[in-house]
Amino acid sequence: MNKIRVIPRLDIKGFNIIKGIHLEGLRVIGDPQEYATKYFLEGADEILYVDTVASLYGRNNLFDIVKKASENLSIPLCVAGGIRSIEDIKKLLHAGADKVSINTAAVQNPLLIKEASEYFGSQCIVVAIDYKLWPDDRFRSNLNKTVSKGKNEKFDSGFHYQVYTDNGRQQTGLEAYEWALKAVNLGAGEILLTSIDREGIRKGFEIDFTKKVSEAVSVPVIVGGGAGNAQDVVDVVKKGSADAVSIASILHYDDITISNLKEFMSKNGIPTANHYGSE
Amino acid sequence: MAEVVIVDYGCGNIQSLQRALKRVGVSCEYTSNPKTIRQAKKVILPGVGSYSTGMDSLEEMHLSEVIKDYVSSGKPLLGICLGMQLLLDYSEEFGRHKGLGIVHGSVTRFMPNDNSKVPHTGWNSIEIPYGNEIKSWNDQILSSINPGKDYYFVHSYMVKTSKKSNTLAETSYGGNNFSSIIRNNNVYGCQFHPEKSGQIGSQFLENFVNIK
């Protein structure tokens, strides 16, 4: 097995890290720089910054935060939120991002994925897919008409996953598996797959759907939404074939440190990266 | 004059490299000026993107000869990622393309014999090359770095040097062994991104800067 990346996710509103449930109901956690530095020193393999209100305002406001982070942290930084054009990506890379993650704009204009990956290289372009479980696929033609339920039920071909944009606020009518395949065909270098149903509730990741996507695409899949403990991480890697995990609550609330998590993963047969000094 | 000159041939995002050098306290200049490159004390050839685009840019900007001149002066050069691959004889990325031929060997596509995904994206360890014992690890560029440490990689093509002795460190992915650090006299190359590889990455950059 290849080394599984542990990626702290920092949802940012204004100058603060915030954390919610199902991407809503926000609580202030603290200073992004302080948390990012802590996670870096604990052995984070990458850091994901999400501007949670960017889509609402139509622009990303993380330039200063990213610039400061990139001056101090020598691991890849991925930035998400409100990225709509080649110009937006240029600005974020210039500020110090190594990758950008695109959601809303990619749904509105899928060709942006192609243009951006041709311009900057696929390694730079992550497509974020936020999705919810639906009992049927009527959402394809009747937006807002069916009710989201059954999130605790086991995946079977009768269940469907709808893509949401605008940080979980907007239905799209797109089926998440098909959208993932399309995004990769257009040039996405990685897929960030987040279950809105499970996000923030710490009851474990969506495993079956992650596996379905991860085994179908040729690029790494980062899974997010639901880590409640270290065992959940082990499960989604072993049973869900995730290539990387994005984690927020359990780190922000000090349930576990990244070094302890990596140790637990190693004990359970999941290789993790060691990029500390020469000890 | 800056301690390190980074060659600007229009390939890739070098912000993080500049910041990483700054973190280890080294001044750098990003330029395509032939005179500055020839007179530099140390040169880094960075690079992200496709092989042919990289090689074409070097040729169009007349930098291939400049780099070869610099190398023949005996001063240290470090190629990073695509910048390392360009040092080899040729690549098979979208057809066969000639490289700078400064280090003998080839660049070929990963052929994983398991379910490993290509590009190779993420952290992987650098190891003592098979059959090379510990000898390569005595190199100054690996000072204070132990075999088995992890670095950040993003690439679909891999380097193999013709001479075993030109490979200082090897990495394995999808059942393929490739050269992750190479050296031919004063010319070094690394497939990973030291600038994004945490503390152990900074150590590698510092080692390069400290080469006399």
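Predicted model: local features only at pLDDT ≥ 70, side-chain atom pairs only at ≥ 80, totals over all residues.
Residues are numbered from 1 along each chain as its sequence is written, and chains are lettered from A and ligands numbered from 1 in the order in which they are written.

Helices (H or I, at least four residues) and strands (E, at least two) are DSSP runs, numbered from the N terminus. Helix α3 of chain A spans residues 63–72, and its buried residues are Ile65(A), Val66(A), Ala69(A) and Ser70(A). Here, buried denotes 20 or more other C-beta atoms within 10 Å of the residue's own, with C-beta atoms placed from the backbone. Seen down the axis of α3(A), these residues fall within an arc of 125° (taken from the directions from the helix axis to the C-beta atoms), so they line one face of the helix. An α-helix has 3.6 residues a turn, so residues three or four places apart point the same way.

Two helix partners can be looked at in turn. The axes of α3(A) and α4(A) come within 8 Å and cross at roughly 35°; axes are lines fitted to C-alpha atoms, for helices over the stretch in contact, and angles run from 0 to 180 degrees between N-to-C directions. Phe63(A), Val66(A) and Lys67(A) of α3(A) meet Lys91(A), Leu92(A) and Ala95(A) of α4(A), contact being C-beta atoms, placed from the backbone, within 7 Å.

For α1(A) and α3(A), the axes come within 10 Å and cross at roughly 30°. That makes α1(A) roughly parallel to α3(A) (angles under 35 degrees). On the α1(A) side, the contact is made by Pro32(A), Gln33(A), Ala36(A) and Thr37(A), and on the α3(A) side by Ile65(A), Lys68(A), Ala69(A) and Asn72(A).

Elsewhere in chain A, Ala188(A) sits in the loop between α7 (176–186) and β10 (190–195). This residue counts as buried because 26 C-beta neighbours lie inside 10 Å. Its C-alpha atom is separated by 7.7 Å from that of Lys114(A), although the two are 74 residues apart along the chain. Leaving aside neighbours within four places in sequence, the contacts of Ala188(A) include Ile113(A), Val127(A) and Val219(A).

Note on methods: Buried ≥ 20, exposed ≤ 12 C-beta atoms within 10 Å, placed from the backbone. Contact = placed C-beta atoms within 7 Å. Parallel < 35°, antiparallel > 145°, perpendicular 65-115°, else oblique.
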